[in-house]
Amino acid sequence: MSRQTRVVNALKDGLMTTTPVKTRDLSREPNAAADATRLGPHATGANPPRNNALPPPYEDASAANDSPSGAGVDPAARKGKFGPAVDDRGGQLDESLDSVRLTAEYRRLAAEQAALRRVAALVARGVAPPVIFGAVADEMRRCVGAITAGIWRFEPTGEVTLVAAAAEPAALAKWPVGTRTSIEGNTLARVVQDTGRPARIDDYQNLPGPLAASVRDAGVRAAVGVPVIVDGRVWGLAAVGSFQPGPMPAETEVRTCHFAELIATAVVAGYRDEQKRQLLGETAQRPFLIDSLLEGRVVDRWSLWEIASCLRLPANGPFVVIAAEVLAVESEALPEIESKLRGLDVYSAWRLQPDLQVGIVHVESERQLDEILGLVSRLAMNRVGVSARLDDLRDTPHALHFAKMMLRGRPDVASPIAVFDGSILATAAVSAPEVMVKSIGNALDGFDDLSDVEREMLFETFRVWQDNDASVRSAAEVLICHPNTVRHRLRRIEKRTGRSLSRPKDVAELCLAFEVHRRLM
């Protein structure tokens with residue numbers, strides 16, 4: 001049976017009533033004078049000695065024992081007759097003492113429950129966490145019977161911050177709210193953080209370390225701390241202390257744990273409210289922040305870090321920029337792409353523009369990039385351009401430019417996605433697209449009289465030959481034709497462009513011209 005149940009049952013059974021005690025009135029007894037002489041001045045009730053009011057069995061025993069002869073009373077019989085009465089009286093006293101203890105326990109539990117309800121009401125009303133923490137510290141100090149009570153938050157730096165406290169003004173002056181203290185060493189906070197369980201220190205007198213010194217300076221001789229668990233991790237601790245030497249009561253941990261649970265509830269509620277406020281603010285601010293990155297309005301590292309934090313992006317790369325063509329105004333080219341990428345544990349930020357849906361996507365590995373491109377390919381309803389990797393978000397405008405350039409070339413029937421490889425040749429081809437398109441005109445004008453199929457055949461032959469380190473045999477294997485066919489096509493290209501494939505400069509110009517044609521024309 002629990003202690004609370006015993007309290008309730010004791011009150012129901014009427015254990016708080018006392019047993020009436022029967023007293024003697026010597027004036028009404030036949031041998032009053034003799035008894036008065038024998039018992040002395042206390043017989044009449046003046047200045048009675050302790051326990052002179054005895055229950056009826058003790059009156060009989062006294063009369064029998066004090067008779068002149070003592071005859072007629074067998075000692076063994078007397079012991080058997082009156083012994084149980086003495087035991088019954090002791091049981092009644094024990095019962096009364098237990099009732100007093102149960103009543104005190106009942107009152108303590110009632111006060112504690114009332115305190116917990118008051119704090120819970122503050123949490124339910126959405127009161128700010130600092131106010132709730134202060135109320136918890138006050139109630140905890142009062143209900144636990146401690147001299148000091150505090151709520152501490154663990155910091156990533158190996159310190160604890162006092163977020164609320166209830167104590168005498170002198171103690172608060174020595175250890176004000178907001179104080180940060182290292183928890184190195186065998187400290188109460190360190191034990192609670194490492195074990196995630198309640199802990200106590202019964203004597204701070206000889207304990208080393210700065211935290212123990214601060215505790216002693218505040219006058220605390222012993223303390224008990226319990227963890228505040230939020231989302232499965234130790235967020236902080238609730239601690240109570242005593243100015244008296246010796247350990248605190250054994251039930252202190254259990255009673256403090258009730259308040260620690262309310263602290264955790266307040267932390268979670270406050271975190272959710274803050275998230276809601278931030279989300280409402282970010283909903284309006286998010287497009288502006290993304291545009292700041294896409295348009296290159298971020299000038300310093302600190303601003304970059306703030307924007308990345310608000311967009312929930314890592315501050316450091318690698319990243320890619322994805323630009324997808326939209327089919328209609330205000331319609332997403334990649335529906336719900338941000339939430340779907342988050343399901344792959346990929347952080348991204350997206351902006352819907354009149355003609356494009358643009359995203360900045362964090363990429364951790366080649367494998368993750370393949371997963372991203374696979375998802376984009378399944379969602380894409382039109383062409384998609386992807387930039388090369390970038391490590392600094394301040395390079396986002398250039399990456400967006402390259403992603404857009406991937407949308408200008410001829411579409412690939414096998415995939416809607418065109419990925420910019422970041423090579424020097426490709427970068428040179430698309431850096432100044434209008435200038436480059438005009439520059440290659442003289443080099444490629446000699447193919448104008450050919451049909452589209454024949455012209456594309458020659459261009460494809462040159463690209464394959466280039467990608468295979470200018471090896472005719474390897475190019476023939478890829479194109480599934482005879483090496484002489486490759487040689488014949490290359491000679492036709494030399495004739496129509498007026499350039500020789502044996503001169504490095506001419507080869508470089510042709511490579512650039514065909515790259516511009518592939519990506520921009």
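**View 1. F133 and its neighbours in the predicted model.** Leaving aside residues up to four places away in sequence, F133 touches I151, V163, A164, W235, I263, A266 and V267 (contact means heavy atoms within 4.5 Å). This is a predicted model, where local features need pLDDT of at least 70, side-chain atom pairs count only at pLDDT 80 or more, and totals for chains, interfaces and linings use all residues. Residues are numbered from 1 along each chain as its sequence is written, and side-chain values use heavy atoms, with hydrogens and water left out.

**View 2. The largest nonpolar core.** Here's the set of 34 residues in which F133, I151, W235, V240 and I263 touch the most other members. A nonpolar core is a set of buried Ala, Val, Leu, Ile, Met, Phe, Trp, Tyr and Cys residues joined through side-chain atoms within 4.5 Å; buried means under 20% relative accessible area (1.4 Å probe, protein chains only). Elements that each supply at least two residues include α4 (75-124), β1 (148-154) and α9 (252-294) (helices are DSSP runs of H or I, at least four residues, and strands of E, at least two, numbered from the N terminus). The largest share, 8 residues, comes from α5. Another core, of 32 residues, lies apart from this one, with L444, L458, A476 and L520 among its members.

**View 3. Strand β9 (residues 356-362) and its partners.** All 7 of the 7 residues of β9 are buried, so the strand is largely enclosed by the rest of the structure. L356, V358, I360 and H362 point one way, while Q357, G359 and V361 go the other way. β7 (residues 319-325) pairs antiparallel with β9 over 7 bridges (pairing takes at least two DSSP bridges between two strands), and I322 sits opposite G359. β8 (residues 348-352) also runs antiparallel to β9, joined by 5 bridges, with S348 partnering V361. β8 and β9 make a hairpin with 3 residues between them.

Definitions and conventions. Buried < 20%, exposed > 50% of the residue type's maximum accessible area, 1.4 Å probe, protein only.
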